[in-house]
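Student: I have a model open and would like to talk through its fold with you. Could we take it step by step?

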Amino acid sequence: MAKTTLTPEQAAQGVQAFFGRSPEHVVEPLHRSVEALNWLGALFQCIETANADGGAQNTALIQALSGLGAYVAADYQVSIIGNPADELQACIEAARARGEA
């Protein structure tokens with residue numbers, strides 16, 4: 001198979017043609033996902049530390065941190081409902097049906 005090298009401009013045009021949006025908009029949901037997972041990971045580490053230390057005071061801290069984690073998860077969920085990610089998946093499936101992918 002011959003190796004094809006595209007310029008960044010050609011690659012961006014290909015993404016635009018395939019997905020109907022710019023490369024930045026294609027990867028935007030990934031950036032939000034990474035950010036949400038980083039926040040949740042940090043919260044879980046704090047909960048783990050508070051749990052290891054024990055004590056009644058830490059029980060309140062664990063409850064507060066878990067509430068914050070639930071908020072982060074819910075906020076992320078709301079931000080991606082009906083998001084372009086759903087549309088992008090539909091574009092990929094349509095391209096596969098046409099034999100383009």
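Student: What pattern does the chain follow, read along the sequence?

Tutor: This is a predicted model, in which local features need pLDDT of at least 70, side-chain atom pairs count only at pLDDT 80 or more, and totals for chains, interfaces and linings use all residues. Residues are numbered from 1 along each chain as its sequence is written, and side-chain values use heavy atoms, leaving out hydrogens and water. Helices (H or I, at least four residues) and strands (E, at least two) are DSSP runs, numbered from the N terminus. The chain has four helices and zero strands, and along the sequence they read α-α-α-α.

Student: Good start! Which residue just after H1 takes a positive phi?

Tutor: H1 covers residues 8-19, and its twelve residues reach 16 Å from first C-alpha to last, close to the 16 Å expected at 1.5 Å a residue. That expected span is 1.5 Å times one less than the number of residues. Just after H1 comes a positive phi of about 75 degrees, and the residue is Gly20.

Student: Now the packing: at what angle do H2 and H3 pack?

Tutor: Axes are lines fitted to C-alpha atoms, for helices over the stretch in contact, and angles run from 0 to 180 degrees between N-to-C directions. The axes of H2 (residues 23-53) and H3 (residues 56-80) lie 9 Å apart, at an angle of about 170 degrees. That makes H2 roughly antiparallel to H3, a term for angles over 145 degrees. So the pair is roughly antiparallel, at about 170 degrees.

Student: How many nonpolar residues are in the contact of H2 with H3?

Tutor: Contact means heavy atoms within 4.5 Å. From H2, the residues include Pro29, Trp39, Leu43 and Asp53, and from H3 they include Asn58, Leu65, Gly69 and Tyr76. Ala, Val, Leu, Ile, Met, Phe, Trp, Tyr, Cys and Pro count as nonpolar, Asp, Glu, Lys and Arg as charged, and the others, Gly among them, as polar. On that basis the contact has two charged residues, six polar ones and 15 nonpolar ones.

Student: Is Asn58 buried or exposed?

Tutor: Buried means under 20% relative accessible area, exposed over 50%, and partly exposed in between (1.4 Å probe, protein chains only). Asn58 is found in helix H3 and, leaving aside neighbours within four places in sequence, is in contact with Ala50 and Asp53. Its relative accessible area is 17%, so Asn58 is buried.

Student: And which residues does Gly69 touch, not counting residues up to four places away in sequence?

Tutor: Gly69 is found in H3 and counts as buried, at 13% relative accessibility. Its C-alpha is separated by 7.9 Å from that of Trp39, 30 residues apart along the chain. With residues up to four places away set aside, Gly69 touches Leu40 and Leu43.

Notes: Parallel < 35°, antiparallel > 145°, perpendicular 65-115°, else oblique.
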